[in-house]
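This briefing walks through a protein model, topic by topic. Please keep the sequence and the 3D view at hand while reading.

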Amino acid sequence: MSARPPYPRTRRLRAALAASCAALLLATAGCSFGEPEPDPAGEPPTFPTPSTTASAGAAGQEVVTTVLAKGLRVPWGIAFLPDGAALVTERDSGRILRVGPESGPDGLKVAPVQTVPDVAAAGEGGLMGIAVSPDYQRDKSVFVYYTTERDNRIARLELGGTPTPILTGIPKAGIHNGGGLAFGPDGLLYASTGDAGDRPQAQDVKRLGGKILRITRDGKPAPGNPFPNSPVWSLGHRNVQGLAWDAGKRMYAVEFGQNAWDEINQVAKGRNYGWPQVEGRDDDKRYVNPITQWPTSDASCSGLTATDRLLVTACLRGKRLWLVELTDTGTVLGQPRELLTGRFGRLRAVAAAPDGSIWVSTSNHDGRGDPAPEDDRLLRLVFAGGGAGRS
């Protein structure tokens, strides 16, 4: 089956991806342009045929999938350093791993950087989101979101150093801890929190659960937030984990529903996304409808990234990636397309790498999966004939 490329092919992106193949010594694993070679795990998957709305100029489109690292335990967040190395959190061990850019015979080099103290991993809690300061070369700062015995919190650290909590008191529970952490185009830090099983707090602007927060690098409410002296940016969320921004600097979040609909929302200042009053699309004008939604059996997505006009979300229960193409105004073009369905089990983190490829983590050791001997794994995706990533 085939589909048109999800975004324009450019010479610059081809060059970047070609250079990345050499740098990572992955040429033999199938990093290529045009018709790709199969990777060691088998034939590369292909896109399903999209709807006629999105199929103008349809052409064969395949993706090469390479296993970058093996034997991890519940990798949760991925963030990149300026030198191209990735920092990967492990939820249950509380470790931060440095992955690459050096490689060996079995993939990229994986080295533990440190174990974050005070992490109390239980249920869905533990060491979760990670974000690298946009000014890392100057301030060496990394930010992490994690669960302690008392709360969920955000801390700043220098790699190998002692974390300094900057925002504490985020509600914790065995479920719905949120955990997403990312810098926006405005240079401010955004964090996603869950309702921690206490539904009403998602609608209470005085409480931190069930929200997306916007803070400074010192943990203070960011200037311009919608509620006075509050870190709350948006409310009415059940359990958001993935955050991303498109080329137009619009913000998106992927959200776990209860038992009907999982959704992607375009997130705007001060808006209410309905939980627990509504799940999925609704006619109630007080709440913002998702831009797309799926039955929970097909989704339960955790990670989210954006590459130009394409949103990519990684799904746990659905065991797949969903690709959502956007219009110039941030609405959905055509129908979302699925990729890697059932091939690697539960998928959690997804991130756009500096070289334009897409990195994805499996989550088969999280207590709800069926681990293979190599799990958990980090995967790298490159679309043939143009690459996955920014154009």
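An open sheet is formed by 4 strands in the order β14-β15-β16-β17, with antiparallel pairing; strands here are DSSP runs (E, at least two residues; helices are H or I, at least four), numbered from the N terminus, and two strands pair if DSSP finds at least two bridges between them. The model is predicted, so local features need pLDDT of at least 70 and side-chain atom pairs count only at pLDDT 80 or more, whereas totals for chains, interfaces and linings use all residues. Residues are numbered from 1 along each chain as its sequence is written, and side-chain values use heavy atoms, with hydrogens and water left out.

- Strand β16 (residues 261–267) pairs with β17 in the antiparallel sense over 4 bridges, and Glu-263 stands opposite Gln-293 in β17.

**Aromatic rings**

- There are 5 aromatic pairs, counted when ring centres of Phe, Tyr and Trp (its six-membered ring) lie within 6.5 Å, with planes under 30 degrees apart called stacked, over 60 edge-to-face and the rest tilted.
- The ring centres of Phe-80 and Trp-359 are 4.9 Å apart and their planes stand at 80°, so this pair is edge-to-face.
- Phe-80 lies in strand β2 (residues 75–80) and Trp-359 in strand β23 (residues 358–362), so the pair ties together parts that are 279 residues apart in sequence.
- Phe-80 counts as buried at 15% relative accessibility, and Trp-359 does at 3%; buried means under 20% relative accessible area, exposed over 50% and partly exposed in between (1.4 Å probe, protein chains only).
- Trp-294 and Trp-322 form a stacked pair, 5.2 Å centre to centre with 20° between the planes, and Trp-294 is buried, as is Trp-322.
- Ring pairs also link Tyr-190, Trp-233 and Trp-245 into a cluster.

**The disulfide**

- The structure holds 1 disulfide, defined as a pair of cysteine sulfur atoms within 2.5 Å, and this bond joins Cys-301 to Cys-315 with an S to S distance of 2.0 Å.
- Cys-301 is in strand β18 (residues 301–307) and Cys-315 in strand β19 (residues 310–315), 14 residues apart.
- The torsion about the S-S bond of Cys-301 and Cys-315 is about 65°, so the disulfide is right-handed.
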